[in-house]
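Me: I am new to this structure. Please take me through it in short steps.

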Amino acid sequence: MDGLLEDKTAVVTGAASGIGRAIAHRFAEQGANVVVADVREDPREDGATTHERINEETDARAVFAPCDVSDPAAVEATVDTAVDEFGSIDVMVNNAGIVGPNGPVTDIDPTEYQRLLDINLNGVFFGSQAAARRMQENDGGSIVNVSSIAGIRGYSDLAPYCVSKGGIRLLTYSLAAELGGDGIRVNAVHPGVIETAMTTGDVPIVGTETGEQMRQSIPLGRFGTPEDVAKTALYLASDLASYVTAESVIVDGGMVNTA
Ligand code: NAI
């Protein structure tokens, strides 16, 4: 099925790298013009920038917008970029996130904890807020928030991250209740372990002994790819999910519900 996002405009935060990069590219393949919003332009992994790739490899257009999602003014300006460049915003993907600080709760530095919440949770709030204002002026839209399986259940030594991702889940349900009347659907994606710089570098899981044990416990027998998450985000963003809102879609190969 092609052209699922024809004539649509999407903003994807954290789209320079990893999952956001795959979402931006997949959306563009389906016809959406994309604003690639990130604090950095180059991907954390190798390769051309996301917007260059989209402009070279698809018929859609992409622009880069420097944006720190913890800054509400920067997020607002990024959404304005979508409207100025492409005429509207139809899809907002709040994907940008970081994973640390991790470790025993008794050792967590308050400043680092606050920074994590500012990016992972408040960033999703500001992104939803800015997008909703514009979508209310139009015929609605779709907001897709990237949470985690750490927003479904608790994990030892990962309390700050779980707080942020669990918060996204309830923010999603609240916004779905509030914005449904404006034709705005709001859903969350909850990825499991996905192979990106976050899981190969920041918190090494992929390629480690612990990771291998974890992999064996996954019903589908493998870690996820950014593309696995991008396909679910596409479904939620598009008309295929026209009657789906306030939903949490777990994309983890069956890991969390069989643990
Ligand atoms: P990544 O580290 O590969 O990419 C994250 C991108 O977000 C980077 O380009 C980074 O520059 C950008 N970013 C970081 N702080 C930002 C800020 N303040 N403002 C704007 N952009 C910012 O990470 P990955 O794996 O692609 O993660 C994307 C999202 O998926 C995150 O929210 C993460 O928590 C979530 N996730 C990832 C999982 C995984 O296993 N990789 C599992 C579950 C959720």
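Me: Is Asp7 buried or exposed?

Reply: This is a predicted model, where local features need pLDDT of at least 70, side-chain atom pairs count only at pLDDT 80 or more, and totals for chains, interfaces and linings use all residues. Residues are numbered from 1 along each chain as its sequence is written, and side-chain values use heavy atoms, with hydrogens and water left out. Buried means under 20% relative accessible area, exposed over 50%, and partly exposed in between (1.4 Å probe, protein chains only). With a relative accessible area of 71%, Asp7 is exposed.

Me: What is phi of Asp7, and where does Asp7 lie?

Reply: Asp7 lies in the segment before strand 1 (9-13). Strands (E, at least two residues) and helices (H or I, at least four) are DSSP runs, numbered from the N terminus. Asp7 is not a glycine, yet its phi is positive, about 65 degrees.

Me: Which residues are joined by a cis peptide bond?

Reply: Look in the loop between strand 4 (91-94) and helix 4 (110-137), where Pro101 is found. Omega is about 10 degrees for the bond joining Gly100 and Pro101.

Me: How many residues surround the ligand?

Reply: A residue counts as near if one of its heavy atoms lies within 4 Å of the molecule. The closest are Asp38, Arg44, Asn95, Tyr161 and Thr196. By class, the shell has 15 nonpolar, ten polar and five charged residues. The number surrounding the ligand is 30.

Me: Which helix supplies the largest share of the shell around the ligand?

Reply: Helix 1 (18-29), helix 5 (159-179) and helix 6 (197-202) each supply at least two residues of the shell. The largest share is three residues, and they come from helix 6.

Me: How much of the accessible area of the ligand does the protein cover?

Reply: A polar side-chain atom of Arg44 lies 2.7 Å from a ligand oxygen atom, and a backbone N or O atom of Asn95 also lies 2.7 Å from a ligand oxygen atom. For Tyr161, a polar side-chain atom is 2.6 Å from an oxygen atom of the ligand. On its own the ligand has 820 Å² of accessible area (Shrake-Rupley method, 1.4 Å probe), and the protein covers 95%.

Conventions: A polar contact is a pair of N or O atoms within 3.5 Å; within protein, one must be able to donate a hydrogen and the other to accept it, and residues adjacent in sequence count only if both atoms are side-chain atoms. Ala, Val, Leu, Ile, Met, Phe, Trp, Tyr, Cys and Pro count as nonpolar, Asp, Glu, Lys and Arg as charged, and the others, Gly among them, as polar.
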